[in-house]
Amino acid sequence: MNLTVRDLAVARGGVPVLEGLSFSLAPGRALVLRGPNGSGKTTLLRTIAGLQPAFAGEIEGAGERIAYAAHSDGLKSMLTVTENLRFWAQVFAQSDIDPALDAFDLRGLEDRMAGTLSAGQKRRLGLARLMVTGRPVWVLDEPTVSLDTASVARFAEAVRGHLAAGGSALLATHIDLGLDEAEALDVTPFKAAPRVSLEDEAFL
Amino acid sequence: MIALLLRDLRLAVRAGGGFGLGLAFFLIVTVLIPFGVGPETGLLSRIAPGVLWIGALLACLLSLDRIFALDWEDGSLDLLATAPLPMEGIVTIKALAHWITTGLPLVLAAPALGVLLSLPPSGYLWVLVSLALGTPALSVIGTFGAALTVGLKRGGLLLSILVLPLYVPTLIFGAEVARRGAEGLAVQTPLLMLAGISFGTLALLPFASAAVLRINLR
């Protein structure tokens, strides 16, 4: 099932930031969103993840199929790596956290409190959470922030594995992950035109 | 859902989790009141039920802003909202976790602290019953307030101002049950009113809390 977006407009604080956006994301494919800071990528991803309503347009194939990873990892600093990961696995009714620990090189850190991890290690744990959701569409907002080169490669490998297993991924990122399956979409042309309210028009 | 409850309980008892904060506050209030009132045990035992109730209520209030604020700050509230849990379930579990870590210890400690306030012997049972019945309402109403103010910087003060008026009916009937019980009067009417408030808030407020939380997450 594709993730399909038709003529979507998204708003931040009631002001439209992107409009007229349409794309379709098939299983096994990835779509990389590009655009300068503040261009509305996060707002678009939050809308697709269902955290805020669309300003206009339709989103199909989202909802319960989305695994969302935001800027913050949602980790509890006073829980261990295993406890953090197992909690999310239970929430998503999954049981196996070992593949996620392996994929993001978290072996040896299992019993460390998440609060004592480095920024990059925290990020890896946050991304490992995606693998225990069991959901097909990964929606990722700047997933590679604070990752070193080796970890970025590891993350790209995890995304590739997810795509090969029939999943899909929608990413907002500025770096090239070297994914053959990925297309890029620049959101800049979809910037919403400034709205002129009725009162303003009266002055024109 | 169980996983969320267990996680919250585990976090509460770990370092910096805030478990025992309300209990310590309750203890301090009930220890200090006799010093302030003076050596008149007759007066003290008359006000004991009310003091215990106000102490419990303020102790409850103390930890309310942690219900959602911590999850909001580290981003897990966003992730929970996209998880396959209904928002109504999340807020109910959050209220339950708050009650277990704050309300329940207060209920259990109240009879022991009643001794310090020379609570009449007939009052112990009714203080226990009224708090056991009333503190769940305090947690549920408090969760609603916490959902309203989540994401606001320094939302704690606003939270108190919003929640305190909503606490008044629970306080009135809860303290009335305890007072009448202590004086050996019939407690049926205030007890039923208190039960009504508790079950009513328990049945309705999770829906309101979930709705405002969804709006606040946008």
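Visitor: Leaving aside its neighbours within four places in sequence, which residues is B:Ala56 in contact with?

Guide: First, keep in mind that this is a predicted model. With those neighbours set aside, B:Ala56 is in contact with B:Phe26, B:Leu106, B:Ala110, B:Leu131 and B:Thr135.

Visitor: What makes B:Ala56 stand out in the largest nonpolar core?

Guide: That core has 122 residues, and B:Ala56 is among those that touch the most other members. Being members, they must be buried, because a core is a set of buried residues of nonpolar kinds. As a rule, nonpolar side chains in soluble globular proteins tend to be buried together.

Visitor: How many residues does each chain bring to the contact between A and B?

Guide: Chain B gives 21 residues and chain A gives 19. On the chain B side, helix 1 (2–13) and helix 5 (76–81) each supply at least two residues. Helix 1 of chain B has the largest share, with five residues. By class, that side of chain B has ten nonpolar, five polar and six charged residues.

Visitor: Why are strand 5 and strand 8 of chain A called edge strands?

Guide: The open sheet in chain A has five strands in the order 5-6-7-3-8, with parallel pairing. Strand 5 (66–69) and strand 8 (182–186) each pair on one side only, so they are the edges. On average, neighbouring strands here are turned by 15° against each other, direction ignored.

Visitor: How do you know that strand 3 and strand 7 of chain A pair?

Guide: Pairing needs at least two bridges, and strand 3 (30–34) has four to strand 7 (168–172), so they pair. The two run parallel. A:Val32, for one, has A:Leu171 of strand 7 as its bridge partner. Helix 5 (149–164) of chain A packs on this sheet, touching strands 3, 6 and 7, and its direction makes about 145° with that of strand 7.

Visitor: And what joins strand 1 of chain A to strand 2 of chain A?

Guide: Seven bridges, with the strands antiparallel; against a cut-off of at least two, they therefore pair. A:Ala11 is bridged to A:Pro16 in strand 2. The hairpin has two residues between these strands, and A:Gly13 takes a positive phi near 60°. Strand 1 also has four bridges to strand 4 (56–60) of chain A, again antiparallel, with A:Glu60 as the partner of A:Thr4.

Notes: Residues numbered from 1 in each chain as written. Chains lettered and ligands numbered in written order. Predicted model: local features only at pLDDT ≥ 70, side-chain atom pairs only at ≥ 80, totals over all residues. Contact = placed C-beta atoms within 7 Å. Nonpolar A, V, L, I, M, F, W, Y, C, P; charged D, E, K, R; others polar. Core = buried A, V, L, I, M, F, W, Y, C linked by C-beta atoms within 7 Å. Buried ≥ 20, exposed ≤ 12 C-beta atoms within 10 Å, placed from the backbone. Axes fitted to C-alpha atoms, helices over the stretch in contact; angles between N-to-C directions.
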